[in-house]
Amino acid sequence: MLFLASQSPRRAELLARLGVTFDVLTLDLSEQRQPGEAALDYVRRVAQEKAQAGFALVAERPGAVVLGSDTEVILDDVVFGKPADPADATAMLQRLSGRTHTVASAVSLVADGRHAQVLNVSEVTFATLNAQAIERYVATGESMGKAGAYAIQGSGEAFITHLSGSYSGVMGLPLHDAARLLEQFGAL
């Protein structure tokens, strides 16, 4: 049985596109970058911790496989998580404006005695955004709850002038990589 250790509706939607049956696990994990921790190491660690914490909840279930994932926006070694409030979202979008940033998505699978992980890295270039465009976007509420304060699957896509990498990875779960791991674990 496959379990998704994430409450992200985007991840659940993406995972469902693979045609797999899964249950969602509710976790309460702290996602804090450690001092001196490289941004990509942070993304990998959080995905692994989610998968391990989820597996701890279902370890007694025969054939349990848990998928944990983390997606972060990174610019100048700064990790842009989910904005705390509209002012934080505005500040993030101002920093991303006219620049190319990295979106890193790590996917971890844990089963009895097994674990595997893949890291997907995409490059996203934003157009130069004026204050009114940022204000309008933040007012929609779409930026809240999204790493980097934008949703590629929503109206935030209009900010993107170039994407090199995985659209689904930027959205929250790189489907090609997730499918490969699920196949290795016999869960797809």
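Visitor: Is D77 buried or exposed, or something in between?

Guide: In this predicted model, D77 is partly exposed, because its relative accessible area is 49%. The residue sits in the loop between β3 (65-75) and β4 (78-80).

Visitor: What is the phi of D77?

Guide: The general idea comes before the case. Most residues other than glycine have a negative phi. D77 is not a glycine, yet its phi is positive, at about 65°.

Visitor: Where is A149 found, and is A149 buried or exposed?

Guide: A149 belongs to the loop between α4 (131-140) and β7 (160-164). With a relative accessible area of 0%, A149 is buried. A149 also has a positive phi, about 70°, although it is not a glycine.

Visitor: How should I read the packing of helix α3 and α4?

Guide: Two packed helices are described by the angle between their axes and the distance between the axes. For α3 (residues 86-96) and α4, the angle is about 140° and the axes are 10 Å apart. The two helices are therefore oblique to each other. The crossing in which α3 passes α4 is right-handed.

Visitor: Which residues of α3 and α4 meet?

Guide: On the α3 side they are P86, A89, T90, L93 and Q94, and on the α4 side I134, Y137 and V138. Sorted by class, this contact has 6 nonpolar residues, 2 polar ones and no charged ones.

Visitor: How many aromatic pairs are there?

Guide: A pair of aromatic rings is described by the distance of the centres and the angle of the planes. The count here is 3 aromatic pairs. In one of them, F126 and Y150, the ring centres are 4.8 Å apart and the planes stand at 65°, so the pair is edge-to-face.

Visitor: Where do F126 and Y150 lie?

Guide: F126 is in strand β6 (residues 114-126) and Y150 is in the loop between α4 and β7, so the pair ties together parts that are 24 residues apart in sequence. F126 is buried, with a relative accessible area of 2%. Y150 also counts as buried, at 4% relative accessibility.

Visitor: Why is the pair of Y137 and F159 edge-to-face?

Guide: The planes of the Y137 and F159 rings are at 75°, with the centres 5.0 Å apart, so the pair is edge-to-face; the cut-off for that class is over 60 degrees. This pair links distant parts of the chain, 22 residues apart: Y137 is in helix α4, and F159 is in the loop between α4 and β7. Both residues are buried. Y137 has already come up as one of the α4 residues that meet α3.

Visitor: Which residues form the aromatic cluster?

Guide: F126, Y137, Y150 and F159 form one cluster.

Visitor: Which residues of helix α1 are buried?

Guide: In α1 (residues 9-16), the buried residues are R10, R11, A12, L14 and L15. They pack against β1 (2-4), β2 (22-24), α2 (39-58), β3, α5 (167-171) and α6 (175-184).

Visitor: What does S168 touch?

Guide: Leaving out residues up to four places away in sequence, S168 touches L14, L173, P174 and L175. L14 is among the buried residues of α1, while S168 lies in helix α5. S168 is itself buried, with a relative accessible area of 12%.

Visitor: How many residues apart are S168 and Q153 in sequence?

Guide: They are 15 residues apart in sequence, and 8.8 Å apart in space, C-alpha to C-alpha.

Terms used: Residues are numbered from 1 along each chain as its sequence is written. This is a predicted model: local features need pLDDT of at least 70, side-chain atom pairs count only at pLDDT 80 or more; totals for chains, interfaces and linings use all residues. Side-chain values use heavy atoms; hydrogens and water are left out. Helices (H or I, at least four residues) and strands (E, at least two) are DSSP runs, numbered from the N terminus. Buried means under 20% relative accessible area, exposed over 50%, partly exposed in between (1.4 Å probe, protein chains only). Axes are lines fitted to C-alpha atoms, for helices over the stretch in contact, and angles run from 0 to 180 degrees between N-to-C directions. Angles under 35 degrees count as roughly parallel, over 145 as roughly antiparallel, 65 to 115 as roughly perpendicular and the rest as oblique. A crossing is left-handed if the near helix is turned anticlockwise from the far one by less than a right angle, and right-handed if clockwise. Contact means heavy atoms within 4.5 Å. Ala, Val, Leu, Ile, Met, Phe, Trp, Tyr, Cys and Pro count as nonpolar, Asp, Glu, Lys and Arg as charged, and the others, Gly among them, as polar. Rings of Phe, Tyr and Trp (its six-membered ring) pair if their centres lie within 6.5 Å; planes under 30 degrees apart count as stacked, over 60 as edge-to-face and the rest as tilted.
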